[in-house]
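Visitor: Hi! I have a structure open and would like to talk it through with you.
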Amino acid sequence: MNSCRMYMRKGFSNSLLLRLLSIVLTISALSIPASAEVDVDLGKKLFKSNCASCHKLDKKLIGPALSGVTQRRSEEWLLRWIRNNAELRASGDADAKAIFEEYNGSIMTAFPALSDDDIKSILAYTDAVPAVAIPKDVPTVQPVAEPANDLFLIYVLGVFLALFIILLLRIRNTLKQINGDDSSTVIQDFNALTQWLVGNKRFMTAATIIVTVGFIHQLFWFLMAIGVEVNYQPIQPIAFSHKIHAGENQVDCNYCHTSARQSKHSGIPSTNVCMNCHMYIDGTEILNDAGLPKYAGERSPEITKIYAAIGWDAENRSYIENYEQKPVRWIRIHNLPDLVYFNHAQHVTAGGVECQTCHGPIQEMDVVYQYSELTMGWCINCHRETEVKTDNGYYAEAADGGKSINERLAAKFHDEIITVEKIGGLECGKCHY
Amino acid sequence: MAKEKLYWKGFDQLANTEVSKRLAENEFSEDLPIDQFLGDDNLMANSSTSRRDFLKYLGFSTAAATLAACEQPIIESIPYVVKPDSLTPGMPTYYATTYLDGQDFASILVKTREGRPIKIEPGDKTRFNWGTNGRAQASVLSLYDSSRLRQPIKDDTESDWVTISGDLKNAVEESVNDGKQFMLLTGSIFSPSFKLVVEDLRQTYANFVHVEIDAVSSSEVLDVWEGLTGVRAMPSIDITAANLVVSFNEDFLSSGTPQQVASDYAFRRKPGKGMLRHIQIESNLSLTGSNADKRIKIKPSQIGLSLSYLLNQVSDSNYSVGKIDKVLKNQLDSVAKELMSSNGKSVVLVGGNSGANAYLSAALNAALKNIGTTIRPDKPIYLRSGNDRAFENAIVDMNAGRVGTLIIAGPNPVYNRVGFDSALKNVNYSLSLNDRFDETSVATTAAAPVPHYLESWADYVPTNLDFSVSQPVIRPLFNSRPTIEVLSELLGKTKSAKDLVKESVLAKGLNWSQTLHDGGASLKIDARIPSFTEISGRALVGAEIAMETAGSMDSGAMELSLYQKTVGAGYQSNNPWLHELPDPISRVCWDNYLTISAADALSIGFVNETQSNGALDGSLANIQSGELSLNNVPVLIQPGQASGTVGLAVGYGRSQVGKVADGLGVNAYALNLLKGFGVVKITPAGGMHEFASTQLGNTMMGRKIVNEVSLSDFVNDPKGSSWNEKPTFHTLDGTVSADEANLWENHDHETMHMWNMSIDLNSCHGCGACVIACHIENNVPVVGKEEVRNFRDMHWLRIDRYYSSDMTPERADMEDVGVVKKYAEMEKPGVSPEVVFQPVMCQHCNHAPCETVCPVGATVHSREGLNHMAYNRCIGTRYCANNCPYKVRRFNWFNYQKNEQFSSVNPAQDDLGRMVLNPDVTVRARGVMEKCTMCIQNIQYGKLEAKKAGRPLKDGEINTACESACDTGAITFGDVNLPNSAVQIAKNDSRSYHLLEEVGTQPSVFYQTKVRNRV
């Protein structure tokens, strides 16, 4: 329930649609007429998969910026160069040699598998995106107004109802006055009602019970909720978005959280892991919802924080020597008390539990929040219901001529589903020691 | 009539003693420690807080605490910037390295978590001294000792290394100019790279002198072996080749020899035909002596005579031997017979540092043809090379003002040598390179810190067959520099210790990475030892002179033998784990004391009294040895102590070691008994001393707590029906075993694992390494002397020691002594008792009495045969501890991690000491029960590793801390449901029995009957 509401508030579906639409529109609007075989979309795809690790459109990376390359070189030369640049250099082409030396002899991969049309598509793509046309004042997208809170509506209704009752009473009084009867003010009516209620023993007994039970109930749940931090969503030192990484770019959770498979900690990736990608992706290429460069062609300030932590000189593309590295001080979201032992590897590797089972739709979170209660009841419920992955050799294979655990479990439980509870997953000492 | 009838609680009340009066007045026998709970006693007494104020504060603080609890603190998670490849957060990493604390040497594995060393494990079994004793186990805490020296110190103010090196250089040059000596004083050096630097210094400075000393000297013994073999080293002892060990005052199982022989000894003591026989002839009751099959009491001055007498007996020679006591002579005759019957397969060892005794034992071994079989001079051990004569010369030179510069790297001669203190005053410049600002560092011109062994690079040649390296497992915590670097710098070389060690490794033709990975390599160096017959010949030729020396040895009415407790020679005196471990024999913690026989105590007028709360008090004594004396030494009456002898442990009485041990005990080195024994005069001093003893009951009172059988009975009846009878009960269904006579349903223990533990009482020597390992692994708090005295020690695993009594039920029947006297007598340990050790931890009963009485279900049973304890459920009623027949549950009386009362003893009180805590185990809060979990963290870890690899669990894969710390393999842990697992085999052994089996608790721990090789 909570989580559903959260998605709505975050305007998840809206923004996704908007973004897709804008990308399509941008691309179609900027497309230049191309021959039937040349396809800008295909070119983009090929560019991302083959070229992007060394080239950018608008600036030097390992290789030169490619925007407008068709104006600088002939198509024929480009075809030869891209397909096999070493061959072109060997043939004594002066341009080829010059560019090779300009980039300190970095050898570009040969792409013999690309057809002429493929290469032309890539070139068309490099032409399609204007290199310099970056408006400095990026139009900001107005946030969609939040829908009114349900509770607020109820209050408004309540106030109306109260006014309505008062209005009715006044009408009655006015009518009484007209009739010549004894009229009473609203306050007098109210007093009379209260006196009657206070004098009524049954009502008082019932009210006392209701108030007491209600108070205890509320107090109980208030106390039970202490330390339960569902939806805890602290502001992190770097506005890292799991939605962009795990969601849109489909980076596997284990790529960064490597130790989740082996260790009790899932592990926060060290900064050098970030640099595996962010050595090349510095944010200049990120587009906003309107399809315009989000940071006006500058590096993303968030990615710059990674560089500051590890000491990466983005201009010279090298690590700064003797740099005093500053570790990123993340705020821990999922806090278990010290008295409980939790092991990620047990759940991820041995249990085959998806990260999302406990962490929620992490691939949709821009800012991570605590999805689950992380209370003992929550743990226990899952242990009661979850089936053990008994195909693991630990259960399935027999050691030294004895019976395997599976055989022994079958003898005891027959055809029943083997839940974690049945192998002792509810015992205190399994998690508390 | 009813008025006149009185009931007495006991004889005390009838006699109307002081104690009973006090007990009658107070509801509780001792004051409840309420003020201690609340903190400062002083503050409480002077407080003007009224009852109303108290209630106000109470209300406010409750409300404030409740409100504060609603707010979750912000916790940061800080990852590495660049993570080392070898490290996975949450997973342990192991490194092979070498442990050397100045006394012990061991090849070890260090367990590190997130870059912090947290546990010492035994090394590879092919390496020299692979086992870990208590000191090796505890040494990881010495790394995090907050009393370590952090900065170089000059003139009592903090200095820096540039100043220290500059001063040293100047001082050395000045000495050269003045024609004075430049002296280097170290412990025993057997590091090739260090020797190279020393050699370089000798080449560079003509006035350079290098002197080595050991805290507990072996100098005379080394002289003897140097004379016999030409190599200044101890010979190896091969117990596996022996059938009989005869040891004179040599505590070879705990601290005597530099070589670890405990595992070989245990291996040869496996019950069955050909089991090793052990005769111990000694003055103090040592750990080794308490494991002996036969123990003979002797005065230290008689050892030389006895060796001479034995030599005459076994070699038909007829040297004149001084007067020997008649009883001893008879006993020696039988020893001689046994020695002769195992010719070439026996070994005679002698303790102490007497050259004459060492020579005679060599001669005796030669006569018995043991040299080359059990005594192996061809495998010399280089761990001891201290030379007392060189040291005496050094003191003479120092006193004469001939020493200009003195570097003291390692030893602490101000503490453990008499006369060094005053000699040091005549040295122009002295520098102490030390891990702490100890007694010697205080007296030197400057002091500078050296790294702990876990922070250091080093290489060692402990024997002629082994090469070991030491690698750092953590960056140096303080501004320390290795001695070898300081000395190299003096020579104008700027090589790091790592470079020097690497050069040394490569020079031996070894692979650098592989050597580091293994912690060393096997490397044969030619020791150039003469043939065994030549050595034997030499030993026998010189025996006569040795006999004369032995015959003229001082003897007196009272002779003192020095010995070592778990603290050892004093290098790790500031380690609270070593103090908290009860002495294996006396069961006294946090003290050293004069051990004396009951008869001598009676004649001098010493008493040991038990107070109303069970705590032990002892008289004080003054010891006089020649000119030197030691006053107010506590006296402990020790069964088994030879009459006319007393014992005193070294390693105590420190004044500059740190907050844990400063002022603890008395300094036995102050008596200057370099031989290890001497004649003393004991006189009573006024007053009483308070001991902290963990065990009051000394005997088993005729019960089968430790089951014992003699070897002949064991061999004749291997099934054990006569000596391992199981208790039975007569019920309506007939006679059933204790296991079958049940009130409860049985647990399902067949489906999953069933963890069982077997403890072989034959292999257990009682050393206590397991107890320390348990402390480290499970974050068991150290509680200090006061609390141990109150019987609030927190040991999850204890080793009970029982003496045999001279009174047995059979003897009582025969002599018709009456019930009261019988039990009174049975409670007293015998004059020459046999000793048994029994490690007791939570027995993990399958019908656990503790589980049924817990009102909150905090202690419950698991289907893997364990008794779980959920600390956070526990409300501290302590019903479980009361209902436990084994008394293994420990109640957490205080917040040991925070309470100021424990700030000097509990390592977890400072940031540094906390680094040693095991991150996988909770640090328990005040007011809960704790107990052995069978290292459930290791069980869970092992199971998970198997699941990750997708394979079934293997036998021996999961170890408890006590099991891996035990060199002798006395503890076997495993899954009894696994066919042919070691523990299953042990369970089915005829020797196995449960402790208090008749109670019907069905423990998961069982014991193996002790077999004594009696003749």
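Predicted model: local features only at pLDDT ≥ 70, side-chain atom pairs only at ≥ 80, totals over all residues.
Guide: Happy to, so let's take the contact between the chains, then helix packing, then strands.

Visitor: Okay, the interface. How many residues of chain A are in contact with chain B?
Guide: On the chain A side there are 54 residues, and they touch 47 residues of chain B.

Visitor: Which elements of chain A give two or more residues to that side?
Guide: Helix 14 (271-278), helix 15 (301-310), strand 3 (330-331), helix 16 (344-350), helix 19 (393-396), helix 20 (405-413) and helix 21 (428-431) of chain A.

Visitor: How do the residues on that side of chain A divide by class?
Guide: There are 22 nonpolar and 22 polar residues, plus ten charged.

Visitor: You listed strand 3 of chain A. Which strand of chain B does strand 3 of chain A pair with?
Guide: The partner is strand 1 (residues 76-77) of chain B, in the antiparallel sense, over two bridges.

Visitor: Nice. Switching to helices: at what angle do helix 14 and helix 23 of chain B pack?
Guide: Helix 14 (residues 355-367) and helix 23 (residues 543-551) of chain B pack at about 140°, with their axes 9 Å apart. Angles over 145 degrees would count as roughly antiparallel, so these two helices are oblique to each other. Helix 14 of chain B passes helix 23 of chain B in a left-handed crossing.

Visitor: Which residues meet there?
Guide: From helix 14 of chain B, B:A356, B:N357, B:Y359, B:L360 and B:A363. They meet B:A543, B:A546, B:M547, B:T549 and B:A550 in helix 23 of chain B. By class, that contact has eight nonpolar, two polar and no charged residues.

Visitor: What about helix 8 and helix 19 of chain B: what is the angle there?
Guide: Helix 8 (residues 192-204) and helix 19 (residues 483-490) of chain B pack at about 25°, with axes 10 Å apart. Angles under 35 degrees count as roughly parallel, so that is the label for helix 8 and helix 19 of chain B. Helix 8 of chain B also passes helix 19 of chain B in a left-handed crossing.

Visitor: And which residues make that contact?
Guide: B:S193, B:F194, B:V197 and B:L201 in helix 8 of chain B meet B:I484, B:L487 and B:S488 in helix 19 of chain B. That contact has five nonpolar, two polar and no charged residues.

Visitor: On to strands. In what order do the three strands of the open sheet in chain B come?
Guide: The order is 2-3-4, with antiparallel pairing. Strand 2 (92-100) and strand 4 (116-122) of chain B are the edge strands, and the twist averages 35° from one strand to the next.

Visitor: How many bridges join strand 2 to strand 3 of chain B?
Guide: Nine, with strand 3 covering residues 105-113 of chain B. One pair to look at is B:Y95 with its bridge partner B:V110.

Visitor: Which helix lies across those strands?
Guide: Helix 6 (residues 134-143) of chain B lies across strand 2, strand 3 and strand 4 of chain B, running at about 165° to strand 4.

Visitor: Last one: what do strand 32 and strand 33 of chain B form?
Guide: A hairpin, with two residues between the strands. Four bridges join strand 32 (residues 728-731) to strand 33 (residues 734-737) of chain B, running antiparallel. B:F729 has B:V736 as its bridge partner.

Technical notes:
Residues numbered from 1 in each chain as written. Chains lettered and ligands numbered in written order. Contact = placed C-beta atoms within 7 Å. Nonpolar A, V, L, I, M, F, W, Y, C, P; charged D, E, K, R; others polar. Pairing = 2+ DSSP bridges. Axes fitted to C-alpha atoms, helices over the stretch in contact; angles between N-to-C directions. Parallel < 35°, antiparallel > 145°, perpendicular 65-115°, else oblique. Left-handed = near helix turned anticlockwise from the far one by under 90°.
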